[in-house]
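Walk through this model with me. We start with side-chain charges and end with a helix.

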Amino acid sequence: MAQRRKGGIAIDPRSAQNMSTRRGGPRKKAAPSPAKVVGIIGAITAITVCLVVQLPGLDASGTRMFGIFLAAILLWVTEAVPLAGTAVLVIFLEVLLISDHALLPVADGAPPYTRFFGALANPVIILFLGGFMVADGAAKYKVDRALSAVLLKPFTGKPRLTVMGVMLITALMSMFMSNTATTATMFAVMMPVITALPKGRARTGIALSIPVAANVGGMGTPVGTPPNAIALGALESAGIEVTFLQWMLAAVPLMLVVLVGSWLFISWRYIPADAEFDIDTSARFQTGRNAIIFYVAAGATILAWMTEALHGISANIVGFLPVVVLLITKVMSGDDLRALDWPVLWLVGGGIALGAGVNSTGLDKWMLGSIQWASIPGALLILVLALVGWATSNVISHSASANLLVPMGMGLAASVSTSATEIAIVLALGCSLGMCLPISTPPNAIAYSTGTTPTREMVVVGVIVGLVGIILLAFVAPLTWGALGVV
């Protein structure tokens, strides 16, 4: 895919994931940071100790799994190795140390090694694969640019109304496309507007509105952001099915309220009522054969996802539809397939495998057993879980946070009155609300790289939007989930 340029900055949406770990400009090769060295040494130490020492209350497999879990935490937090590298390491260590093909003795009934390798082909991975294919096709045929230009036309004229339009369109696109790609697209459209404004609050406000809307919009569907897929994968491994539409019923109302609140705050703090924006809305939809096939395939996929309850075909199966149709019609090529964001898919697979290992060895019960969770009121427990997800995902990637927290949180369901479904959804959505720093999420990194969003302002908006979202997530959203049939 060709890179998109915005104000002199080239952005490749598929490589923008890596921008979450840098603070503007290309990263120069350098010696590993002290944190990364500590992460590697700590991970090796954790695994080694748990191979020779058996923890009280755990058998040998559980102790080894505890070492793998600690190593994953250290490597994901410090990013000593790529996130996807940690994910596949988790799978490999589980096969070698706790499966029925382990190199060391394991108890009878050890999980088959195919359970861990199978995480890389989990049906949720196929769902996300379809989402990536639709997103990359939209960029290839410039559907994203044309759609954003068309949808922005009714919002031009008044500055605060324009910001509302930008946020609504960004959120809508992020529901079905990667929020990273959506952010890059919207900056490509809006960067001429932003750079034409004098330095100050208006410029900062428009720039901040895009990553905020992308992060919030990604909450809306299972394919919007990796934490959603991680939660669905963990639920499916536990035998719990949440349909595409059920997820939307749980997340979209919250998403819309948070989005409106974010717009009101950004407009009040940054956008003068008399500012003038001039937006280019001249982009047009392509009308060639391949583009039309893509429109039909993408539209049919999204429609089938949203009507799963009517036709009964799993959203995971529907997710394979665009992959098949776009490849056999040569609308997308092998090069397009190779260019998909495979590291994210493998990261999700690693999280699914980590959850399977924690559950199959009894490690979740062991780690949670020391706290009297049943004595904590349900609403307070949900608040704590949401806050933990939000705080963690502000300093490490949303995907890594969900990978670590969702399996652990679901283990609480056996000892509290809150269902595993509610816990998984709360943790996934809580992780998506973490957006305080440039390193918190790729959309933030893209915004920061433009030089228009000071870190201090990103922190202010991230804290306000995040905490308001967490309060709504903990105390308001769950009240509707039972009535809507989500939990």
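Exposed means over 50% relative accessible area, buried means under 20%, and partly exposed lies in between (1.4 Å probe, protein chains only). This is a predicted model: local features need pLDDT of at least 70, side-chain atom pairs count only at pLDDT 80 or more, and totals for chains, interfaces and linings use all residues. Residues are numbered from 1 along each chain as its sequence is written, and side-chain values use heavy atoms, with hydrogens and water left out.

Take R456. Its relative accessibility is 57%, so R456 counts as exposed. R456 forms a salt bridge with E457, with 2.7 Å between the closest N and O atoms. The term requires a side-chain nitrogen of Lys or Arg within 4 Å of a carboxyl oxygen of Asp or Glu. E457 is buried, at 11%. E457 also meets R269 in a salt bridge (3.2 Å, N to O). E457 sits in helix α23 (residues 455–475) and R269 in helix α11, so this pair ties together parts 188 residues apart in sequence.

The whole structure has 4 salt bridges. One of them joins K140 and D336 at 2.6 Å, N to O. K140 belongs to α5 and D336 to α16 (residues 334–338), so the pair ties together parts 196 residues apart in sequence. K140 is partly exposed at 33%, whereas D336 is buried at 16%.

Now helix α10, residues 226–237. Helices are DSSP runs of H or I, at least four residues, numbered from the N terminus. Of its 12 residues, 10 are buried, so α10 is largely enclosed by the rest of the structure. Its cover includes α5, α11 and α17. After α10 comes G239, with a positive phi near 80°.

Notes: Helix = DSSP H or I, 4+ residues; strand = E, 2+ residues; numbered from the N terminus. Expected span 1.5 Å × (residues − 1). Contact = heavy atoms within 4.5 Å.
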